[in-house]
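Hello,

Here is the structure you are taking over. My notes follow below it.

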Amino acid sequence: MKSSEIRAKFLDFFRGKDHLVLPSFSLVPQNDPSLLLIGAGMAPLKPYFTGEKPPPSPRLATCQKCVRTPDIDQVGVTARHATFFEMLGNFSFGDYFKEEAIAWAWELMTEGYNIPVDRLYVSIYEDDDEAFSIWRDKIGLPAEKIYRLGKEDNFWEIGLGPCGPCSEIYYDLGPQYGCGSPDCAVGCECDRFLEVWNLVFTQFNKEADGSYTPLEKKNIDTGAGLERLAMVMQGVGSLYEIDLMRPLVDYFANLAGVSYGQDKKKDVSLRVLTEHLRGMTFMAADGIMPANEGRGYVLRRILRRAMRHGKLLGLELPFLSAAVPRVVEIMGDVYPALQEKEDYLLRIISMEEERFMETLEQGMVILEEQITALQKKEKTVLSGEIAFKLYDTFGFPLDLTREILLERGLSLDEKAFNVALEQQRERARAALGTREHASVTTLAPALLAAMKTEFVGYETYSAAGKVIGLLDLVKEELLTEAGPQTKGEELYLILDKSPFYAEKGGQVGDTGLIKAAGGTALVKNTLPGPGDKTLQLVEIKEGCIHTGEKVEALVDRERRRETAKHHTATHLLHRALKDLLGDHVQQAGSLVAPDRLRFDFTHFTGLEAAEIKELEETVNALLSKNLAVQVSSVDLQQALEMGATALFDEKYGDKVRLVKIDDYSLELCGGTHVHTTGEVGLFKIVSEGSVGAGVRRIEALAGHSAYRHLAGQDEILQEISGLLKVPVDKLPAKLSELLEAQRELQRNVKQLSQKIARQQIENILKQTDHSLGVPVLSVQVEAENMEALREYLDYFRDKMGSGIVTLGSVAAGKVLLAAAVTPDLIKKGFHAGRLIKEVAAVTGGGGGGRPDMAQAGGKDPQKLEQALSQVLQVVHGQQQAGKK
């Protein structure tokens, strides 16, 4: 049975059992920053299991794309490990439970897939008598085929909260896949008994004291690996033999000119390429870009591990991106996004191949040298510092270095590696120069615990509030008053009601004034505090402000309005980028300020000038339409179903703020915006560039900032127009005329310089010495670098026809030397490399080279003349040696 048929039969079976069948979720977790990637069928459904959200149906079934990497070093080595796989699952939320889950799983296995009963075994949690009774009495499975295993194998729990026992269904691949032990059975570590389906019975809640309380509503979470079921249904003993993977194995084998199954080491490489190609293709299709951290680093790890194994097989680039169409061909019918994004996938993977190949060979040379040195010293542990250099300079993921060492019977000092990594992070943090009080979520949380701020800034620029806290930044203590004794110092002032927007979501915090009966504070910034608190960073300007007194909070209106213009412009830019470049564009960071905006986004190449122009025209056209900007509060699920753009790494509550710009843009956003796009006025992109692999940055201006920028540009044009005495619209033609005149002058200067140089060269050639019976020229010339000196050398050698030339020059305070010997004199024993070595030594330097040409450097320019005077003596010595 084909894998496509296995997948369809599973989903159809549970559809017939009143399950709502959902499509696979993205590999990128949504609204769950605790997860890096989706690694199980239940992971996207977590809110339904925890009760955070009601499920769309009490019964669900999915075929979920998954990625797991804890055992990445075993992928390719064993027949069953994989990073990417599809997990078939059926789920119940307070509906059916253990008996139905077991009965339906057995029905599908034995009747739907017609798997022989005599090849099936099950395991249960050792204390789960209920499951044992169902398997033995309801299903009729003999007791000797039901294995009771311990908590480690058959009880699912992650910390406190919902948990429960599980029951696993195994398929006996046969004794030929076993370990040969007479005790080999379910639970053995060998490959004989293949776990194909895990049924988790979530029936307890683990309490803080370690006890287990029965849940009022019990859940079912099952997972059957599609690839493992395919092994069973297709009668093969390895994941790499199934119809989803064997074509890829054969493709790479043909490309490498090898046969699969003939060489164990080559087989490992073929399996790594096959498995990792699937994983990288699906990850990239879900918008993940190669990066040095997070899920992007997972993609980079598997891609670079695959590249290394491709090189071991002797493959030449681009062997990974060139194979992507094979994955699309095999999986595209089920996952049409692969077909839609094929060109994009090719570009992403190809760019990463090229990037890593530049350093892979250099890194491998260094690693091989270190391995050889370890073996000579009879040591077995590579230093963490070397591993970090490979990681930091050559892009070697740590597990790639670890794997290469393991293949040689060596290990790695990971503790030292982690120390070096942390030191680098500390340096990066220091370089950022972040102010100490900028991260306020850790500031005296106990002191602020009882305080809460109501934010009213969406509706108003001013509000009456009460001072509920004054926090001294240095002493980290609460004050009862702030006055002359704190003048000039920065404090945090907390209000019970505040119109000041706290810095978050990329938008800067508000500034303004806080006025009390007896004092005034300048609000220099507003930051989010722990919990529902808004912290105004203030400096007392006049009098005193006391805790508990009423104050008037006044936001800088003009600054807020300009910030809002930039925020609305950011949303329009985001949508325009997606429309222009594709849906792979995802926000990767932003800054929204009153005078500018910065937008980081995922994309694989720089934007052309025409694309930047199109973006500007699109956004400005939307501004001129004066579209309505509507803000509403809706349920998160409702917003996502409406197609709202959300940040994957952001944690949202049940209720979210939705910003809708007509029918053009729809985003979850907590920032401030204008009421209509016409209020923004103007939009101008001032720069576009790279901030890292796969991430681009646009900096732009809106509103008054854009006007001031364009007005400034106009002033410059008017000034140039005045200097050149032509109208602005004639400037391009005038500049072209001036540039052509300049080029003509440069050509004339060059011709004159060459004429002068030829005359100088003729004069230099007259200094050739013939006293030894061979022409020897030794002279100092003016050359700005070694390349220029070699050009002189070639010219003199060619002009002489037969002879020995040694030239010297001083550049940037260092001596440059070069020597040449014509072919006829090489036959007589003269050698440029030995000549230059002796001459350079006089200047405190060294060098060497071939018999016909050599170069060297020296440290002491004052001794260059003395060094060149030694040339005749050295040549004479070579002449005498040649006669012997």
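**Overall form**

The protein has a radius of gyration of 37 Å, whereas a compact globule of 884 residues would have one near 29 Å. The radius is taken over C-alpha atoms, and the globule rule is 2.2 Å times the number of residues to the power 0.38. Along its principal axes, the C-alpha trace spans about 115 × 90 × 55 Å.

Please note that this is a predicted model: local features need pLDDT of at least 70, side-chain atom pairs count only at pLDDT 80 or more, and totals for chains, interfaces and linings use all residues. Residues are numbered from 1 along each chain as its sequence is written, and side-chain values use heavy atoms, with hydrogens and water left out.

The protein contains 26 helices and 34 strands; these are DSSP runs numbered from the N terminus, with helices being H or I of at least four residues and strands E of at least two. Of the 884 residues, 50% are buried. Buried means under 20% relative accessible area, exposed means over 50%, and partly exposed is in between (1.4 Å probe, protein chains only).

Among contacts with a separation of 6 or more, 68% are between residues 24 or more positions apart; a contact means heavy atoms within 4.5 Å.

**Aromatic rings**

A pair of aromatic rings is described by the distance of the centres and the angle of the planes. Rings of Phe, Tyr and Trp (its six-membered ring) pair if their centres lie within 6.5 Å; planes under 30 degrees apart count as stacked, over 60 as edge-to-face and the rest as tilted. The count by this rule is 28 aromatic pairs.

One of them joins Phe14 and Trp197: the ring centres are 6.3 Å apart and the planes stand at 80 degrees, so this pair is edge-to-face. Phe14 belongs to helix 1 (residues 3-15) and Trp197 to strand 8 (residues 193-206), so the pair ties together parts that are 183 residues apart in sequence. Is Phe14 buried or exposed? Phe14 is buried, at a relative accessible area of 0%, and Trp197 is buried too, at 1%.

Another pair is Tyr795 with Phe796, whose ring centres are 6.3 Å apart and whose planes lie at 75 degrees, so it is edge-to-face. Tyr795 counts as partly exposed at 30% relative accessibility, while Phe796 counts as buried at 0%.

Finally, one aromatic cluster is formed by Phe10, Phe13, Phe14 and Trp197.

Regards
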